[in-house]
Amino acid sequence: MLDLDPADAIVAALWREATTSRASVTQLLRAYFREVELKPRQQKRIKQLLHRVLASRARIDAALEDAAPAGIVESLEGAVRVLTSRVLDGNLATTEAKRKLAWIDWERVANFESRLAQIDDPLRRVEILGSFPRWLARRIVERFGDEADAVATALAGDAPRTIRVNTLQCSVEQCIASLERDGITVRRTEMATASLEVLGPSQLFRTWAFQHGWFELQDEASQLVAELVAPPPGGLVVDACAGAGGKTLAIAAAMGGRGTLVALDVSASRLEELRRRAKRAGVRNLRVFRIQADAWTDEVEALLARADRVLVDAPCSGLGSLRRNPDMRDRLFADEREVERLQTIQIDLCTRVASRLAPKSRLIYATCTVLPDENQRVVERVLAADPMLDVVRVAEILGSERASKFSDASGTVLETFPHRHPCDGFFAAVLRKRSSEASADTDEAEGREVGPS
Ligand SMILES: C[S@@+](CC[C@H](N)C(=O)[O-])C[C@H]1O[C@@H](n2cnc3c(N)ncnc32)[C@H](O)[C@@H]1O
């Protein structure tokens with residue numbers, strides 16, 4: 001038996017389950033914490049460590065090459081992985097690791113970074129840094145060039161903990177004060193208007209503010225996407241892929257209880273979760289419909305035709321939020337063809353929505369991925385299919401100064417990257433249906449370019 005710390009032993013056991021069970025890591029952890037009573041601090045440590053071990057799979061394998069006798073890794077897989085991950089991250093001394101497991105050359109493991117830096121092949125480095133399959137490493141190197149190592153490292157790292165203050169219930173200042181009374185330290189972030197980064201400790205869900213619907217956990221880029229919807233006063237907004245409602249609730253706050261918000265999704269369980277969250281958040285102008293993927297009812301058709309804004313937060317590979325779901329590596333990225341399958345759905349959803357839009361209405365297309373095939377290429381295809389669509393620059397909607405923080409110099413689309421921004425990797429473009437009188441060279445018309453990526 002190895003003399004593992006209690007948290008390391010738990011992670012070693014959970015690692016085995018996570019790599020063999022069909023349940024997601026989030027589900028596994030939830031079930032484990034229901035069964036075994038642990039302090040929030042211990043839960044946080046276990047979750048972080050398990051995420052690190054899963055996200056560092058290739059790095060751990062490569063670090064153990066020539067550092068462990070053949071056979072030992074296989075026989076003690078979970079435990080060896082946990083110890084290796086901690087040594088690689090610098091939070092377990094090699095002497096301590098040696099005391100627990102003597103047959104591994106821990107000095108060699110600890111020096112792995114210098115061996116990694118000597119690998120000339122950028123594909124191999126990205127494969128290891130991100131624990132990515134080769135096809136994904138290739139796409140990342142193609143897209144990011146010299147920044148590919150930083151992208152892969154960031155996608156295998158820790159995600160920031162960010163909340164959105166629910167301005168339907170309180171001001172940002174009131175929420176900060178309430179959290180501070182409960183001992184939670186937060187700080188304002190720089191991009192989204194009601195976003196706070198949680199610095200610690202982590203018992204967020206026990207706070208008075210959470211129990212009274214004053215905030216939601218939400219990545220800052222996801223909040224920015226909702227801000228891009230910019231509902232007109234008293235307007236009709238449709239969230240066509242609402243899921244459990246992260247963005248729906250943020251849009252509801254922006255609407256301030258006026259107008260009508262409609263949430264659609266194909267998943268009954270996610271919509272159920274959305275209803276529950278909306279109630280807690282005090283949202284009253286929301287209607288929720290479960291829809292079929294390929295056939296909309298007359299009621300849904302009529303809503304789309306009357307909508308001022310339709311958000312299509314499309315199903316995507318989720319690469320930009322991989323840090324929150326490290327086991328997605330096995331699910332979504334097992335097969336390169338998945339990206340093409342998703343792209344087909346994304347184009348289909350957008351072109352169908354766009355064809356229903358009334359003049360001057362807007363379609364906001366969003367994903368949480370950094371792959372151009374799911375982002376710029378989709379928008380290009382949607383624009384090509386409908387000559388009455390223009391791109392509205394995000395700088396026009398949110399102002400040039402703000403947009404410069406999450407857009408390129410032209411301010412055309414929203415793009416965030418975990419290695420550059422303190423949030424997940426998101427993309428969003430806003431398309432507007434031109435009125436038949438407005439031609440491409442009138443003031444009303446915008447460009448039809450979405451940038452080079
Ligand atoms: C990226 S998730 C949405 C996340 C959600 N908007 C949020 O902010 O929390 C994509 C959602 O699209 C839904 N979906 C998949 N195919 C769909 C379709 N054809 N029509 C509508 N929703 C669909 C999925 O069930 C999933 O909830």
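Aspartate 265 places a polar side-chain atom 2.7 Å from an oxygen atom of the ligand, a polar contact in the sense of a pair of N or O atoms within 3.5 Å. This is a predicted model, in which local features need pLDDT of at least 70 and side-chain atom pairs count only at pLDDT 80 or more, while totals for chains, interfaces and linings use all residues. Residues are numbered from 1 along each chain as its sequence is written, and side-chain values use heavy atoms, with hydrogens and water left out.

| Residue | Protein atom | Ligand atom | Distance |
|---|---|---|---|
| Aspartate 265 | polar side-chain atom | oxygen | 2.7 Å |
| Aspartate 313 | polar side-chain atom | nitrogen | 2.6 Å |
| Alanine 242 | polar backbone atom | nitrogen | 3.4 Å |

The ligand taken alone exposes 600 Å², and the protein buries 82% of that (Shrake-Rupley method, 1.4 Å probe). Around the ligand stand 17 residues, of which Cys241, Lys247, Asp265, Arg270 and Asp313 come nearest; a residue is near if one of its heavy atoms lies within 4 Å. The shell comprises 9 nonpolar, 4 polar and 4 charged residues, with Asp, Glu, Lys and Arg as charged, Ala, Val, Leu, Ile, Met, Phe, Trp, Tyr, Cys and Pro as nonpolar, and the others, Gly among them, as polar.

The model also has an open sheet of 4 strands in the order 2-3-1-4, with antiparallel pairing. Strands are DSSP runs of E, at least two residues, and helices are runs of H or I, at least four; two strands pair if DSSP finds at least two bridges between them. Strand 2 (185–188) and strand 4 (215–217) are the edges, each pairing on one side only.

Strand 1 (residues 162–165) is joined to strand 4 by 3 bridges, and arginine 164 has glutamate 216 in strand 4 as its bridge partner. Helix 15 (residues 220–229) packs on the sheet, touching strand 1 and strand 3 (195–200), where contact means heavy atoms within 4.5 Å.

Key. A polar contact is a pair of N or O atoms within 3.5 Å; within protein, one must be able to donate a hydrogen and the other to accept it, and residues adjacent in sequence count only if both atoms are side-chain atoms. Axes are lines fitted to C-alpha atoms, for helices over the stretch in contact, and angles run from 0 to 180 degrees between N-to-C directions.
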